Amino acid sequence: MARHLFCDTPADFIIAAGDPASGGKLAVLRGDMPVTFWNADTAGTQYVDLLNAAGAAVTSVNSVNTGGDYGYIPKLSGPDNVWVMWADANGGFGPRFKIVATDADLTLSKAVLTDTAQTIADVKTFTALPTIPATPIANTDAASKGYIDGRTLFARKTADTARSSTTTLANDPHLVVAVVANATYVVTVRIGFNASITGDLKNAFALPAGATSRMFVTATALGYLVDNTATDIWNVSATNTYAVGYNGLLIVGGTAGNFAFQWAQNVSDAGATNVLTNSFMTLQRVA
């Protein structure tokens with residue numbers, strides 16, 4: 001248990017009304033006034049277990065009656081574990097004024113102060129900053145896949161992927177994220193690729209069982225819709241680098257699983273079709 005300090009601040013003076021001849025309008029300082037301390041603003045119990053500035057046991061203190069500190073309430077220590085008291089300079093008849101321990105800002109980490117009981121509850125001391133748990137990562141490749149925050153999934157290609165002599169759709173090794181059951185996501189997908197004129201590119205999306213999706217394709221002037229696992233085919237006219245974008249919704253049913261960008265050549269060709277580094281997908285959970 002510990003005592004706490006009170007008074008001894010620029011606000012701690014006894015002030016009274018002036019000479020009646022002035023109509024009581026002039027405030028004056030009052031020296032040698034006994035000040036008692038209580039546990040409530042009215043009624044309550046007087047604190048008598050006090051220590052003055054010299055450490056002597058007292059039941060009250062008097063305001064200073066000499067020199068430049070005239071009317072000043074000197075420093076005192078309150079009873080053990082008391083942070084708030086009510087001061088009375090009128091013989092216990094009031095009014096009383098609430099005072100707070102002057103060392104509260106130095107010693108109080110966390111407290112709930114109650115005006116009647118004058119107790120401190122749930123005091124905690126931290127020796128280091130709290131550790132915030134890491135956001136769970138949805139896939140093993142933490143550098144390119146996982147959660148940005150609690151509601152946003154992100155996957156990025158960290159290397160080019162080449163496929164040749166195959167028309168079988170397969171998940172891209174980077175563009176796969178795990179989605180939860182009974183959730184709705186806003187989906188953004190951006191793909192950079194190049195291909196031989198013969199091989200071209202075809203792609204689709206793999207969904208968890210029972211999920212549905214609708215994608216708005218932004219690779220052409222007017223755009224068009226692709227639902228669920230339907231396949232898109234991109235015929236190239238030269239060995240340039242091309243881009244295709246999808247925006248849409250994924251509605252997951254009662255089964256969680258992976259949402260994946262799948263692709264292959266449209267026509268089997270020895271010349272590789274390549275999906276390029278920094279192609280990415282973002283899924284923002286909205287429901």
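**Note on strand pairing**

1. Strand E8 (residues 61-62) is joined to E4 by two bridges, and the two run antiparallel. Across this pairing, Val-35 stands opposite Val-61 in E8. The model is a predicted one.

2. How much of strand E4 (residues 34-38) is buried? Four of its five residues are, with under 20% relative accessible area as the cut-off. E4 is therefore largely enclosed by the rest of the structure.

3. E4 also pairs with strand E10 (residues 84-88). The sense is antiparallel, over three bridges. Here Phe-37 stands opposite Ala-87 in E10.

4. Strand E5 (residues 46-47) is another partner of E4. Two bridges join them, and the strands run antiparallel. Phe-37 turns up again: it stands opposite Tyr-47 in E5.

5. Now the open sheet. Four strands form it, in the order E1-E9-E6-E7. The pairing is antiparallel. Which strands stand at the edges? They are E1 (5-6) and E7 (57-58). Each has a single partner strand, so one side of each is left without a neighbour in the sheet.

6. Within that order, E9 and E6 are adjacent. Strand E6 (residues 50-52) and strand E9 (residues 76-77) pair over two bridges, in the antiparallel sense. Asn-52 stands opposite Leu-76 in E9.

Terms used: Residues numbered from 1 in each chain as written. Predicted model: local features only at pLDDT ≥ 70, side-chain atom pairs only at ≥ 80, totals over all residues. Heavy atoms only, no water. Pairing = 2+ DSSP bridges. Buried < 20%, exposed > 50% of the residue type's maximum accessible area, 1.4 Å probe, protein only.
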